[in-house]
Amino acid sequence: NKALKKSSERLSKYVSPQIYQWIFSRKDKIYISSTRKRLTFLVVSMQNFYHVLEQLDPDSISFFVNRYLSTMSKLIVEYGGTIDQYVGLQIRVFFGDPTSLGVKKDALQSLMLAQAMQQAFKDFKSHWPKSLVENLGLRAAVGSGYLDV
């Protein structure tokens, strides 16, 4: 039991809360399969990051990126999104799997998350020298449709 508890605690640090709960709340067997579902996707990316790269040393860049991704990831969890993947400074998030609030509410949550991320990004930038972050922007794109998951 101790080993199982330790393993589940470790796993909880690497998967979204929704997936973790879905796995550990199931009484039946879990099968890997593909189903078609309507999901809402949110893709967020930082623009003009090259300007930061030109001005900071590698350790400072790492700190900057980790702080940014941590800030955004906490918001994603707060709004019920599931992180699909990080691609550099781009974050791909979906709503509607493994749990859903309903198609309309999932879409609304993604829009509210995008707004919250924009505000959090402004706050994030305020902790850095203006000359370093003044050209940075945050782009967000939202879409809904049927996907195989």
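1. Let's start with Leu111, which sits in helix 5. Please keep in mind that the model is predicted. Leu111 counts as partly exposed, because its relative accessible area is 46%, and partly exposed covers the range between under 20% for buried and over 50% for exposed.

2. Leu111 also belongs to a nonpolar surface patch of about 320 Å², together with Leu108, Met112 and Val142. Helix 5 is the main contributor to this patch, supplying three residues.

3. Four strands make up an open sheet, ordered 2-3-1-4, with antiparallel pairing. Strand 2 (82–87) and strand 4 (137–148) are the edge strands; each has a single partner strand, so one side of each has no neighbour in the sheet. From one strand to the next, the twist averages 20°.

4. Inside that order, strand 1 (residues 36–47) pairs with strand 3 (residues 90–95) through five bridges, in the antiparallel sense.

5. Val87 is found opposite Gln90 in strand 3. These two strands form a hairpin with two residues between them. Which residue in the turn has a positive phi? That is Gly88, at about 65°.

Conventions: Residues numbered from 1 in each chain as written. Predicted model: local features only at pLDDT ≥ 70, side-chain atom pairs only at ≥ 80, totals over all residues. Heavy atoms only, no water. Pairing = 2+ DSSP bridges. Axes fitted to C-alpha atoms, helices over the stretch in contact; angles between N-to-C directions. Patch = residues over 30% accessible without salt bridge, like charges linked within 9 Å, V, L, I, M, F, W, Y side chains within 5 Å. Areas by Shrake-Rupley, 256 points an atom, 1.4 Å probe, with all protein chains shown as cover. Salt bridge = Lys/Arg side-chain N within 4 Å of Asp/Glu carboxyl O. Buried < 20%, exposed > 50% of the residue type's maximum accessible area, 1.4 Å probe, protein only.
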